[in-house]
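Work through the exercises below with the sequence and the structure at hand. Each task is followed by its solution.

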Amino acid sequence: MFLLHKTIASLSASSSSPPPPPHTVYSCLFQSSHQSVRMMAALDVQVGSVRQQVAKLVKESLNATVPEVADVEPLVSACNNAKNGDYQCNNAMGIWAKIKGKDARFKNPNAIGQELALNLPESAVVESTSVAGPGFLNVVLSTLWIEQKIHQMLKHGVSCWAPVLTVERAVVDFSSPNIAKEMHVGHLRSTIIGDSIASMLEYCNVTVLRRNHVGDWGTQFGMLIEYLFEEFPDWEEIQEQAIGDLQVFYKKAKAKFDADPEFKKRSQKAVVSLQGGEEKYVLAWRQICNISRREFNVVYERLHVTLEEKGESFYHPYIAGVLKELEEKNLIEESEGARVITVPGHTIPLLVVKGDGGFNYASTDLSALWYRLNEEAAQWIIYVTDVGQSQHFDMFFKAAKRAGWLPEDESKYPKVKHVGFGLVLGTDGKRFRTRSSEVVRLVDLLDEAKSRSKQGLVDRGREGEWTPEELEDASEALGYGAIKYADLKNNRTTNYTFNFDQMLDIRGNTAVYLLYAHARICSIIRKSGKDIEELKQTGTLKLSHPSERQLGLQLVRFGEFVEDALTDLLPNTLCEYLYSLSGIFTEFYTNCKVINSEEETSRLLLCEATATIMRECFKLLGITPLYRL
């Protein structure tokens with residue numbers, strides 16, 4: 001029998017008390033007893049990733065070594081060769097280029113590196129330093145500090161390892177399907193990538209507004225409403241029964257719209273009536289939206305994705321005021337009967353009002369941006385859509401800069417970012433479609449993934465060992481997790497091939513392999529017969545064997561991989577970390593006996609720490625962990 005994460009959350013270190021507010025200057029570790037406070041203060045256990053803590057020490061050394069060189073930021077990264085150390089500072093050569101011939105103390109970059117090592121503040125974080133080549137400062141972390149950092153994480157939760165970000169409030173705009181149209185594979189990437197980015201920001205104590213900018217306003221609603229009125233005069237009495245299957249209803253309305261010019265004219269008038277707020281049209285619009293919304297929510301619930309809908313219609317009342325502001329700033333020009341904004345770097349202007357006076361994506365997006373900056377006080381606004389919309393976002397961002405809404409210096413807040421992603425391809429290398437050349441429905445993909453996962457479990461004899469509910473839950477976790485991970489492990493800017501056989505493979509870099517790896521670690525702990533919660537409080541963790549220290553080092557680096565993933569907005573960075581962690585654990589388990597060894601308690605704690613970090617990775621990737629398989 002297996003247990004899902006949600007059923008034993010109370011036993012997981014990741015399920016401790018809520019994280020502190022953004023930019024809390026003390027670690028949540030200090031919420032424990034006075035004795036723990038004193039112990040951890042002595043060991044320099046602090047908020048932020050390990051790299052951030054090393055960089056803070058290097059910053060102090062830079063200030064002491066070359067106070068005359070302004071604005072030198074520490075260049076700290078993990079060592080490529082473990083023989084050199086754990087981290088490396090690469091500032092010496094850059095400093096040498098600035099002070100060569102000006103400071104008699106330094107004859108070469110190596111001399112600067114030596115001085116940086118000498119001026120590095122004493123800290124329980126650092127065990128030793130060395131200088132190599134042209135001033136590379138190598139830092140070896142204290143093994144005692146790593147041990148204590150891991151043990152405190154086990155006691156107080158992985159939230160204390162979150163990197164410190166400079167942003168406090170962000171909007172992540174993702175998924176964004178169109179009302180009256182079914183979610184398809186094209187929405188899969190936006191939903192999965194956006195959810196992961198939002199989760200990573202939330203882990204870092206950023207307040208995240210998860211926005212679903214659905215397409216719920218536009219010309220297609222005139223067509224749908226007019227068709228509803230004409231085909232079902234009694235629509236108000238029979239209500240949603242009139243529409244029935246919304247996809248069939250849409251196709252019939254579209255066919256009539258394309259074939260009947262008079263119907264097309266009436267549909268266009270219906271749009272005007274809707275946007276004018278006529279009650280009859282608004283009621284019909286709401287009915288259509290509600291049907292579509294329920295269908296979307298079924299998918300979101302299956303994917304365990306949380307969003308707050310603020311669709312195009314929400315921002316419609318703001319458009320007139322936003323355009324007026326842009327006019328007052330002399331940004332809007334007349335062009336062939338339309339109204340446009342000229343943006344640098346583009347040969348065509350940004351259209352904000354069509355020739356017929358109607359609004360478009362740009363006018364809505366500008367209004368949404370204004371609202372997010374002024375009403376929601378967002379510092380960072382992230383848009384997750386396909387790369388095909390890159391030009392639109394570049395033009396609309398530049399228009400916002402011209403309006404003075406965004407700074408010219410993109411390193412300053414508020415910031416905007418378009419997170420573009422490539423296509424989902426079939427095994428034939430073409431855009432992923434059904435055999436009848438239709439776009440693949442997202443719900444069908446989820447059904448197929450679950451079905452295949454279930455069959456795999458049945459083939460391994462789990463049907464006779466588990467209850468039907470357990471089998472269903474495990475099938476969902478494996479199937480949906482496989483789809484998500486197969487997407488997220490790829491660089492989002494590239495196209496990727498959707499292949500069930502590959503993503504459900506128990507070998508290699510797949511969610512199925514990683515879920516099995518996590519379940520095996522949990523099995524090791526169970527087989528020991530020890531109470532892991534008691535060991536967390538009473539046991540001692542020691543990293544004596546090289547494989548133990550290698551695993552411990554990879555564990556404490558978790559926060560900086562989250563930081564890197566957010567810097568580039570590339571969730572595949574976290575996937576690479578997770579897969580690497582699994583491999584390093586395998587090496588540890590091969591070299592270090594756990595059960596019935598002299599080091600059993602310590603090694604069980606190391607197993608639990610690995611499982612805890614794997615679970616946090618799964619959480620940030622939107623994958624439900626399994627404890628037995």
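**Exercise 1.** Is K256 buried, partly exposed or exposed?

Solution. The model is a predicted one. The relative accessible area of K256 is 23%. Buried would require under 20% and exposed over 50%, so K256 is partly exposed.

**Exercise 2.** With which residue does E230 form a salt bridge, and which parts does the pair tie together?

Solution. E230 pairs with K256, and their closest N and O atoms are 3.2 Å apart. E230 is partly exposed, at 27% relative accessibility.

**Exercise 3.** By what distance in the helix are D394 and K398 separated?

Solution. Their side chains meet in a salt bridge, 3.2 Å from N to O. Both residues lie in helix α15, four residues apart, which means a separation of about one helical turn. D394 is partly exposed at 30% relative accessibility, and K398 is partly exposed at 24%.

**Exercise 4.** How do helices α14 and α15 pack: at what angle, and with their axes how far apart?

Solution. The angle between α14 (residues 361-374) and α15 (residues 390-402) is about 50°, and the axes are 11 Å apart. α14 is therefore oblique to α15. Their crossing is right-handed. From α14, the contact is made by Y361, A362, D365, L366 and L369; from α15, by H392, F396 and A400. The residues of this contact divide into six nonpolar, one polar and one charged.

**Exercise 5.** Is H213 buried or exposed?

Solution. H213 sits in the loop between β6 (207-212) and α7 (219-231). Its relative accessibility is 10%, so H213 counts as buried. Beyond its neighbours within four places in sequence, H213 has contacts that include D173, Y315 and D365.

Terms used:
Residues numbered from 1 in each chain as written. Predicted model: local features only at pLDDT ≥ 70, side-chain atom pairs only at ≥ 80, totals over all residues. Heavy atoms only, no water. Helix = DSSP H or I, 4+ residues; strand = E, 2+ residues; numbered from the N terminus. Buried < 20%, exposed > 50% of the residue type's maximum accessible area, 1.4 Å probe, protein only. Contact = heavy atoms within 4.5 Å. Axes fitted to C-alpha atoms, helices over the stretch in contact; angles between N-to-C directions. Parallel < 35°, antiparallel > 145°, perpendicular 65-115°, else oblique. Left-handed = near helix turned anticlockwise from the far one by under 90°. Nonpolar A, V, L, I, M, F, W, Y, C, P; charged D, E, K, R; others polar. Salt bridge = Lys/Arg side-chain N within 4 Å of Asp/Glu carboxyl O.
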